[in-house]
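Please have the sequence and the structure open while I talk.

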Amino acid sequence: MPITNTLDLETLSARMNAWANERNSKRGKLVRAFRKNLGNSPDLQAARLALLVGYAEAA
């Protein structure tokens, strides 16, 4: 399922799984915060997802 013109859901999911194992990276912390829904806020989750999509497209 395409998310953007250059990124599909499977690719994003695979990259997020890889980044989750990066202990000291900004991407790893962002993935873990997204998965734990820290702050329990739809606005925060939307912002996190937007950042993750940006990182995935740049990778």
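**Helix α2 and its surroundings**

I begin at the end of the helix: α2 is followed by Asn37, a residue whose phi is positive, near 55 degrees. Please keep in mind throughout that this is a predicted model. Asn37 sits in the loop between α2 and α3, and it counts as partly exposed because its relative accessibility is 30%. If we set aside the neighbours within four places in sequence, Asn37 is in contact with Gln45 and Arg48.

Let me now step back into the helix itself. Helix α2 covers residues 26-36, and its buried residues are Gly28, Leu30, Val31, Arg32 and Ala33. Which helices do the buried residues of α2 pack against? They pack against α1, residues 9-20, and α3, residues 42-58.

I will take the first of those partners in more detail. Two packed helices are described by the angle between their axes and the distance between the axes. For α1 and α2 the angle is about 110 degrees, and the axes are 8 Å apart, which means that α1 is roughly perpendicular to α2. On the α1 side the contact is made by Met16, Asn17, Trp19 and Ala20, and on the α2 side by Arg27, Gly28, Val31, Arg32, Phe34 and Arg35.

Note on methods
Residues are numbered from 1 along each chain as its sequence is written. This is a predicted model: local features need pLDDT of at least 70, side-chain atom pairs count only at pLDDT 80 or more; totals for chains, interfaces and linings use all residues. Side-chain values use heavy atoms; hydrogens and water are left out. Buried means under 20% relative accessible area, exposed over 50%, partly exposed in between (1.4 Å probe, protein chains only). Helices (H or I, at least four residues) and strands (E, at least two) are DSSP runs, numbered from the N terminus. Contact means heavy atoms within 4.5 Å. Axes are lines fitted to C-alpha atoms, for helices over the stretch in contact, and angles run from 0 to 180 degrees between N-to-C directions. Angles under 35 degrees count as roughly parallel, over 145 as roughly antiparallel, 65 to 115 as roughly perpendicular and the rest as oblique.
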